[in-house]
Each structure stands twice: as structure tokens, then as C-alpha cells.
Amino acid sequence: YFMGVGISYMNEMVYDKGELPNYVVLDKETRFEALENTMNNLESLKSVLGDNINGGGGNGGNGNVSVNADIVDDVKELAKSSQRSLQVFFDMIPSEDVKAVEELFANVQKADANGDGKLSEDEIVNLSPMEREIWKRRVDKF
């Protein structure tokens, strides 16, 4: 899901017409690499946790999980690596885009009178026309 969202974001990016083609390719590759690194680190983390909690780490049948220090270190490093690579991806998003999304979600939350996470036709009118358009595209896509 997250990879799909990230790729959708990257595919919808619009670069200035005068931008050098090599820059566009490099920018897209850098974003994809950061996203891919995040997903790979999370998959590795999931694997280490699954192998050591569900089977290999052992609980001796008593419900207590014991994990050796090497596994703890692996988990910590994979978690930190995931955070770092995801931060690289987010750092490449313009701050005005982040602010606009924060405002959109705050306004959607205010408009959602019944708190069901979905905006009815009566609720969506509380958004600006631009926010309505963006919200409808988001709902259609996800």
C-alpha cells in the first residue's frame, strides 16, 4: 500500500518545463530509491521479528518471549534504517505541499460531522472548491 502511494505521488509530480531531463530522471530515481530502501528495511524488520517472535526467539511455551541481544540490535538498526530512508523521501517533498496536506486533513476532520472518516455531500460542501476536488481525487484513488 505505502509503496503504491509513494509511486502515485512520484508519477503525479509535475516538473518545470525548463527542467533538465537528466535532473528529472535523477530526482525520480532518488525518490524511488529512498522509498524502495524503506520498504526493503521494513520487510527485513518484519522477517527478523517474525522469525524470532513466532518461532526462533522462543517462549518455551510459557508466553514469555526471550530474544538475544544480537536480535535486539538488528531490530534497532533496521528500524533506524527504515526511519532514515523514509525521512530522505519526505525531505524531498516541498514544505508547502506538506502544509497543504496538513490543512486539507484538518479541514476534512472538521467537516466530517458524524466522524465516520468519509465526507457525505452535505459535509464536503464545508471544504473549499480546491479542497473538494483534491479530496474527491484522493477518495477515487484510494
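In the predicted model, helix H4 (residues 95-111) and helix H6 (residues 129-141) pack at an angle of about 90 degrees, their axes lying 11 Å apart; axes are lines fitted to C-alpha atoms, for helices over the stretch in contact, and angles run from 0 to 180 degrees between N-to-C directions. H4 is therefore roughly perpendicular to H6, a term applied to angles of 65 to 115 degrees. On the H4 side, Glu103, Leu104, Phe105, Asn107 and Val108 meet Glu131, Ile134, Trp135 and Arg138 of H6, where contact denotes heavy atoms within 4.5 Å. Five nonpolar, one polar and three charged residues form this contact of H4 with H6.

Threonine 38 is located in helix H2 (residues 21-53). With a relative accessible area of 2%, threonine 38 is buried, that is, under 20% relative accessible area with a 1.4 Å probe, protein chains only. Beyond its neighbours within four places in sequence, threonine 38 is in contact with Ser82, Ser85 and Leu86. The side chains of threonine 38 and serine 85 are joined by a polar contact of 2.8 Å (a pair of N or O atoms within 3.5 Å, one able to donate a hydrogen and the other to accept it).

The chain as a whole contains six helices and zero strands, helices being DSSP runs of H or I with at least four residues and strands runs of E with at least two. Of its 142 residues, 23% are buried.

Residues are numbered from 1 along each chain as its sequence is written. Local features need pLDDT of at least 70, side-chain atom pairs count only at pLDDT 80 or more, totals for chains, interfaces and linings use all residues, and side-chain values use heavy atoms, without hydrogens and water.

Key: Parallel < 35°, antiparallel > 145°, perpendicular 65-115°, else oblique. Nonpolar A, V, L, I, M, F, W, Y, C, P; charged D, E, K, R; others polar. Buried < 20%, exposed > 50% of the residue type's maximum accessible area, 1.4 Å probe, protein only.
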